[in-house]
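Colleague: Hi! Could you walk me through this one? I'm new to it.

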Amino acid sequence: MKHSAFRQPLMLSALCLAMLAHTAPSLAVTDQEILNDGKTTDQIVTNGLGLEGQRYSPLATLNTDNIKQLRPVWALSFGGEKQRGQQAQPLVKDGVMYVTASYSRVFAVDARTGRELWQYDARLPDDIRPCCDVINRGVALYGDLVIFGTLDAKLVALNKDTGKVVWRKNVADHKAGYSITAAPLVVNGRLITGVSGGEFGVVGKIEAYDPKNGDLLWSRPTVEGHMGYVYKDGKAVENGISGGEAGKTWPGDLWKTGGAAPWLGGYYDAETNLLFFGTGNPAPWNSHLRPGDNLFSSSRLALNPEDGSIKWHFQTTPHDGWDFDGVNELISFNYQEGGKTIKAAASADRNGFFYVLDRTNGKFIRGFPFVDKITWAKGLDKNGRPIYDDSNRPGSPSAQEKGKSVFSAPAFLGAKNWMPMAYSQDTGLFYVPSNEWGMDIWNEDIAYKKGAAYLGAGFTIKPLNEEYIGVLRAIDPKTGKEVWRHTNYAPLWGGVLTTKGNLVFTGTPEGFLQAFNAKTGEKVWEFQTGSGVLGSPVTWEMDGEQYVSVLSGWGGAVPLWGGEVAKRVKDYNQGGMLWTFKLPKELVGQK
Ligand code: CA
């Protein structure tokens with residue numbers, strides 16, 4: 001661990017002065033503050049700007065009239081020789097920003113000046129197995145703790161003022177392929193995390209811990225057939241909670257290595273008291289080895305936060321054969337129809353379809369394509385189940401020969417991947433970062449071996465258009481209509497933020513943080529950050545001024561897995577910067 005504030009005495013005294021001048025001691029984060037985060041504007045204590053994950057800010061000081069006056073106030077380098085993808089969302093509490101960086105690092109930063117307060121570097125073993133770059137997506141705050149997951153599948157809780165480790169807990173065996181990259185969330189005193197590792201044949205699971213000391217409270221495996229358990233005093237309570245019948249939707253013993261990793265974490269809706277998590281691909285990718293729906297892979301799950309029991313599930317890609325992980329965020333929102341309030345939730349899936357569900361019971365309300373080309377399915381039936389085009393499923397291999405190769409759109413990196421969309425309470429639109437690409441995909445013979453890649457497939461990703469891959473889309477969830485689009489040469493890989501100021505923010509691999517008019521899609525502002533923007537932007541208010549922050553640092557899955565698309569972006573430079581902008585008070589009225 002490195003405490004940069006103590007590198008030299010001069011810096012320390014400057015820091016003390018700065019803190020005396022501006023920063024009252026930061027207070028402990030409470031359950032109530034977390035539950036209210038979507039409504040408060042002076043702090044950000046959840047991933048998603050509210051547990052529902054809408055990424056909507058009620059701030060309107062900064063708006064389409066004055067955004068040209070938005071300017072950088074500071075930038076902090078994450079330093080080091082190791083850079084790679086920076087995909088986190090910053091949190092802000094009492095003038096201190098908490099953010100993660102690549103290689104399982106955490107930074108606490110004075111939000112007014114950009115001065116680093118402390119830095120924590122997890123000591124990672126040499127044999128970590130991240131599938132898709134050494135990224136991390138952010139921390140949770142609770143009490144006096146800053147809590148995050150590491151690439152060797154541990155949860156680490158740090159003191160928010162010193163960065164010192166308070167507790168550390170092993171969630172899963174990294175040698176079997178497990179890791180953690182998602183931000184955990186805290187719901188009513190329970191710290192909840194998923195795990196990554198679907199490409200290694202792990203068994204996905206969602207777990208709750210006591211945030212105060214790291215004690216396990218419940219564990220919910222996400223492959224049908226595995227029992228879940230509630231824990232008391234370190235021991236599993238005798239009667240487990242069923243996760244369905246073993247082998248029912250899986251042949252033979254394949255459920256024992258079935259993947260379905262909930263690697264992107266989850267969100268929570270207080271109205272229904274449900275946790276919403278998505279699950280990844282069934283393992284291995286070669287679908288001919290596992291006839292059946294392979295529950296609960298490529299699904300959205302609604303869980304009881306008290307014991308982890310599954311209240312409902314909705315499977316987007318039953319019997320997935322394309323790595324269409326169903327992990328993408330399921331965002332709670334209400335809308336009016338026929339004089340009634342519909343408690344809905346929406347998700348834009350890797351497979352190219354946008355789903356609107358009844359979040360009280362998981363029933364399908366409607367679904368529609370949100371990208372221009374889908375080849376693997378002909379559409380959705382009345383229950384939202386895909387109507388397969390069997391000729392477009394990659395063929396069955398033999399021991400000697402690979403199976404028939406097919407061209408599939410979207411590519412396995414998804415019509416939309418991890419990068420979170422945003423929902424505007426003003427326009428009623430979702431702002432979806434999407435990509436237009438396809439892939440040649442074929443199957444190969446494969447057997448499970450602990451800790452080894454378990455795909456049984458090969459692939460080459462290709463762009464569908466010369467001019468662009470990325471498309472930021474404004475989508476009406478009531479009609480399926482695309483209200484506007486903005487195309488981008490490189491694939492989009494960063495999160496989206498929308499505000500009451502009629503603004504939509506997102507970043508590009510080319511290095512720009514951009515803002516759009518939420519109603520029209522007109523680009524109204526951009527700033528070159530020096531490296532690709534894959535982070536999720538945030539906005540908050542401090543000393544009566546509106547701030548915007550985002551991480552810059554190119555990397556992630558595209559350069560590693562992108563085939564012909566990776567060639568297109570091969571000259572983009574890596575980085576590692578935390579940028580902060582503000583609209584100065586005196587410029588609020590200026591255009
Ligand atoms: Ca996957």
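Colleague: Let's start with Glu271: buried, exposed or partly exposed?

Modeller: Glu271 counts as partly exposed, at 45% relative accessibility. Buried means under 20% relative accessible area, exposed over 50%, and partly exposed in between, with a 1.4 Å probe and protein chains only. A word on the basis: this is a predicted model, where local features need pLDDT of at least 70, side-chain atom pairs count only at pLDDT 80 or more, and totals for chains, interfaces and linings use all residues. Residues are numbered from 1 along each chain as its sequence is written, and side-chain values use heavy atoms, with hydrogens and water left out.

Colleague: Thanks. Which residue does Glu271 form a salt bridge with?

Modeller: With Arg359, the closest N and O atoms being 3.3 Å apart. A salt bridge here is a side-chain nitrogen of Lys or Arg within 4 Å of a carboxyl oxygen of Asp or Glu. Glu271 sits in the loop between strand 17 and strand 18, and Arg359 in the loop between strand 23 and strand 24, so the pair ties together parts that are 88 residues apart in sequence. Strands (E, at least two residues) and helices (H or I, at least four) are DSSP runs, numbered from the N terminus.

Colleague: And what about Asp269 and Arg359?

Modeller: Their side chains meet in a salt bridge too, at 2.8 Å from N to O. That pair also links distant parts of the chain, 90 residues apart, with Asp269 in strand 17 (residues 266-269). Asp269 counts as buried because its relative accessibility is 3%, and Arg359 counts as buried at 1%.

Colleague: How many salt bridges does a search of the whole structure find?

Modeller: It finds 31. One of them joins the side chains of Asp161 and Lys160, at 3.1 Å from N to O. Lys160 is buried, with 6% relative accessibility.

Colleague: Now the open sheet of 5 strands: what order do they come in?

Modeller: The order is 1-34-35-36-37, with mixed pairing. Two strands pair if DSSP finds at least two bridges between them. At the edges are strand 1 (56-57) and strand 37, each pairing on one side only.

Colleague: What does strand 1 do with strand 34?

Modeller: Strand 1 pairs with strand 34 (residues 496-499) in the parallel sense, over 2 bridges. There, Ser57 stands opposite Thr499.

Colleague: What does His486 touch?

Modeller: Its contacts include Gln514, Phe516 and Lys523, leaving aside residues up to four places away in sequence. Contact means heavy atoms within 4.5 Å. His486 itself lies in strand 33 (residues 482-488).

Colleague: Last one: how many disulfides does the count come to?

Modeller: It comes to 1 disulfide, a disulfide being a pair of cysteine sulfur atoms within 2.5 Å. This one joins Cys131 to Cys132, with 2.2 Å from S to S. The link is left-handed, with -105° about the S-S bond. Cys131 is partly exposed, with a relative accessible area of 28%, and Cys132 is partly exposed at 25% relative accessibility.
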